Amino acid sequence: MRKTPMFVASALLAFFLASCGTNGASSSENFVSSESVAASSERVVSSSEESSSAAVCDSTDYVSQVHLTLNYVGHDFLTDGIGQVALKELVDGDTTHFYDLNSNGTPDTAVTIKSRYLCIDTPESTGQIEPWGKAASAFTDSYITSAKTIVLSSDFAIYGSAKADSTGSRYLSYIWVSDQTNAPLSSFRLLNLIIVQNGYSATKAAAGTLYQDTFFNADAEAQCNKLIIWSGQQDPGFIYTTGVSTTLQLLTLGKIYDETVGDYVDYDWTDSTHNKVAFDCYVALATSGNAYVYMDYPALDNPNQTVRYGMYIFAGYRNITPLNHVGWKLNVVGNCTTFNGNLQITNVQYNVLYHTTDDITILDKTLTTYTPLETATAVADTANIAYMNVVVQINDLHGVNDFGTYSSVSGTDTYMTIHCEDLAGSSIYLTFTLGTVTDRNNVTQRIDPTNFVAYFCTAGETFNVFAPINRYISTGGTIYYQLALCHNSDLVFNS
Amino acid sequence: MLNPVIKGKKGVFALGSLACVAALVACSNATSSGNTSSQSFGSSSAESSASQNYVAYDPSVYGDPTALSADITFWTTTGHQNQDALSAITQAFNQVYPNINVNILAQGAYSDIQTKINDAIPSGTTPTIAYCYPDHVANYLAAGAVMDIQNFVNDPIIGFLAANEASEGHHSENGMDVYGTDDYVKAYWDEGTAYQLPGLYSVPFTKSTEALYYNKTIFDEMGWSVPETWDDLWSLCDTIKGQNPDYVPFGYDSDSNLFISALASNGIPYTSSTGAHYLFNNAAAKTLVQNWVSKVNAGEFETQGTLPNSSYTSTDFIQQKTLMIVSSTGGASYADTDNFDVGVAPLPIYAGHELQVISQGPSICFFQRGSWAQKYAAWLFYKFCTSAEWSARFAVASTGYNPVRVSSYDTDYYTGYLAESADTIYGRTATVTEAFQDNMFYSPVFVGSSAARDAVGKILTLVVQTNLTVDEAFQQVYDECVAG
């Protein structure tokens, strides 16, 4: 009722102004003169815009239009930008780790090539799990594992050294797969493009690349046909329900209480059909956006004994605020998985905008410190699963010898491992990120592969370490127990 | 139902707005929208499509805006984290507008979305709204594909009511947030008017700039002061290099920003939206580059363009090969590390000049394609996302980006965030950039401005990595720009 007079008044005033030739505010007008300026456009586009017109989707097989043209035989990916590789590890839908090949065609296990697929970005399926992420990962894996020959190539039309990405640790590459051994060039199909054409990824960073037009066309076709990520449908493989409530103790021990049996029974919490879990814990150690958490429980078989259980929360190096606060009590929701023999929780989230049942909940901010288990090396260096992912304090260690450095592939060593012993002669391994430390003289210095053995293995010197215990499984399957130092400052020399 | 009449001063202002709108109706050759009660305004001299004449929101057709029903498509370049944040805002939006379905589709990087939209325009598959850089919009505008958003701003029902009271922000009688354009950070908003045609063709969504990140642990240990001028900075580089030749003391991630910001700070011509567009090929600009070349050759300075693999200098920063860098605040996480304390400071100033920092980060443009219900819905979504509270929350969630509303900085949420995160790189970044609001600049936008930005970013690399002289490098990229 109230608005009627307003509009009447407006109309009258409008008529008056119009009669007077008032031109009105220029900013309210459409000044578009598309025909006059389109000619100078960098990219010629049409101005024909039809409201709500339905687009006709094409069904072109763009994959068949792209061919491997450079010969890969006798060439090496790292030095020539193209070469055959062997599968090392499936990671997710757009990342795979490969071995380079020796001259005799066997995998060179000393050289890992971390390949990030060019021109795509599939939904996440590791640190973060998104709808269609696991499906995209499985789709990629199916092509990789069934291929008889895999060739990587850089975004070059000619031979040239492969280039790492801006992080220096991964190679952006095209992945060509063939179902033939000794495969002719004509038999290869570009997996990156297959993924886009089938709707498992949007095209990403394709502008200016060798096959940009084909990628964009395949992307448009997939969107038009509403395939997979463009479907608007729920991913049937994604757990949309909230996490199953459990405890760190049961997760670690792989148990669940079976009411029909009246006892705890074995249970695989990492099974992807039901691995979304929720549990209470305290933050023990924050590290680069990820965290170690813990909780003390009475032992299942001895209520009088308290046992500490720990867990690694892999947040994918995102800034998940509650994980940064040591001592806070949280309810964590995530997916229970394994990585290199260690349990971990992935796909955690904390949304400051809009809290959901999938978010971490802050239960208590009272505590701001963590008191580690103080343990002897001999105790830690066992297969006692209860210690895995628990942050401990081990004192009076000394370095014995170098156990190896680990390259980030780009030629820069990133990690090192030292074989250590305590005063009783019990041994454990210590992994360490190469970088700057404050030494026993309180002087800042840089530790690199040329000096770290001398630095840690000086006779008569000992140090104390505050770090989680976890497992490292070698490519040969040997299990090593190690202190995984998260902050270089958590290693302190005894004066 | 919506009650647009606002008493007192607000009511008077609303009447004035309607008068303006109605006057334009009378002056235009508005075509029929098929809805006799709706008001149409805007002259579309070169447009043949009736859809390009703005049709004001008519409650008798669409009902209360909170009851508006529409499916809209929003193309973004968000990464996984910001995608979550956008989804969360959408959930909140749907509590107010339950019948508007926002389909958010991440389309890759900025270059991807630009290409996809350029391809979608002729095929008639553009989204309702999209993330954009102003450089991109110049092309869309040339194709007649984007709307003059000023029409939505002025809409008597769903526009910004009572712009004169924008600074205080208020709730209209139906509970919607109603703020005026004056509540947006001025440089962010004005950027949307810097096109080759008069009008408002993009609006700010979330913005970032650049800041100086430095290794506070080592700075404190060595007693070094954070440089406030570029002369101070180069002097400190000499000091660091003299004490430890292994360091490359200073890095600048974006070669393009280095060039453009330096020219803006020194008042040196870069580009113009009219006339001869490319003005950067001048002696003053060459002097700046010559100085950078000497610093690179001395091992005191690096940029992404001078590094092998075009890696970011932030990678060297966290590996402690470089002790201070200028990097995007939107990428603050890349400068974050557990291994040392990271300090954040404003960019140095050039002696005798005021601080000038580049405005970057995505804006939103609205496409002509689609029904009016979709367009209104998109506008309502934009307004919701950039309301004081949600702009603040999105900035926090996206870590390193700035709210686009002035009033966002005063919200309890944002002030609380700054207090809680004072010791984090994000909190420090936010504190530093909050003071930049009046020091932002943006470059003129025209067809070719995007190419100019890319081209000037190659100059330093061409000199350092090839045998070209500074003069030759300038001439080469200038010729590229002119050739188009």
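At roughly what angle do the axes of helix H10 and helix H17 of chain B cross? The model is predicted, with local features requiring pLDDT of at least 70 and side-chain atom pairs counting only at pLDDT 80 or more, while totals for chains, interfaces and linings use all residues. Residues are numbered from 1 along each chain as its sequence is written, and chains are lettered from A in the order in which they are written.

**View 1. Crossing of helices H10 and H17 in chain B.** The axes of H10 (residues 255-266) and H17 (residues 449-456) of chain B cross at roughly 100 degrees and come within 7 Å. H10(B) is therefore roughly perpendicular to H17(B) (angles of 65 to 115 degrees). Ser256(B), Phe259(B) and Ile260(B) of H10(B) meet Arg453(B), Asp454(B) and Val456(B) of H17(B); two residues are in contact if their C-beta atoms, placed from the backbone, lie within 7 Å. Three of the residues in this contact are nonpolar, one is polar and two are charged.

**View 2. Surroundings of Leu367(A).** Leu367(A) lies in the loop between strand S17 (361-364) and strand S18 (373-374) of chain A. Because Leu367(A) has 14 C-beta neighbours inside 10 Å, it counts as partly exposed (buried means 20 or more other C-beta atoms within 10 Å, exposed 12 or fewer, and partly exposed in between). Apart from neighbours within four places in sequence, Leu367(A) is in contact with Tyr282(A), Gly327(A) and Trp328(A).

**View 3. Leu367(A) and Ala138(A).** These two residues are 229 residues apart along the chain, and their C-alpha atoms are separated by 42 Å.

How values were computed
Axes are lines fitted to C-alpha atoms, for helices over the stretch in contact, and angles run from 0 to 180 degrees between N-to-C directions. Helices (H or I, at least four residues) and strands (E, at least two) are DSSP runs, numbered from the N terminus. Angles under 35 degrees count as roughly parallel, over 145 as roughly antiparallel, 65 to 115 as roughly perpendicular and the rest as oblique. Ala, Val, Leu, Ile, Met, Phe, Trp, Tyr, Cys and Pro count as nonpolar, Asp, Glu, Lys and Arg as charged, and the others, Gly among them, as polar.
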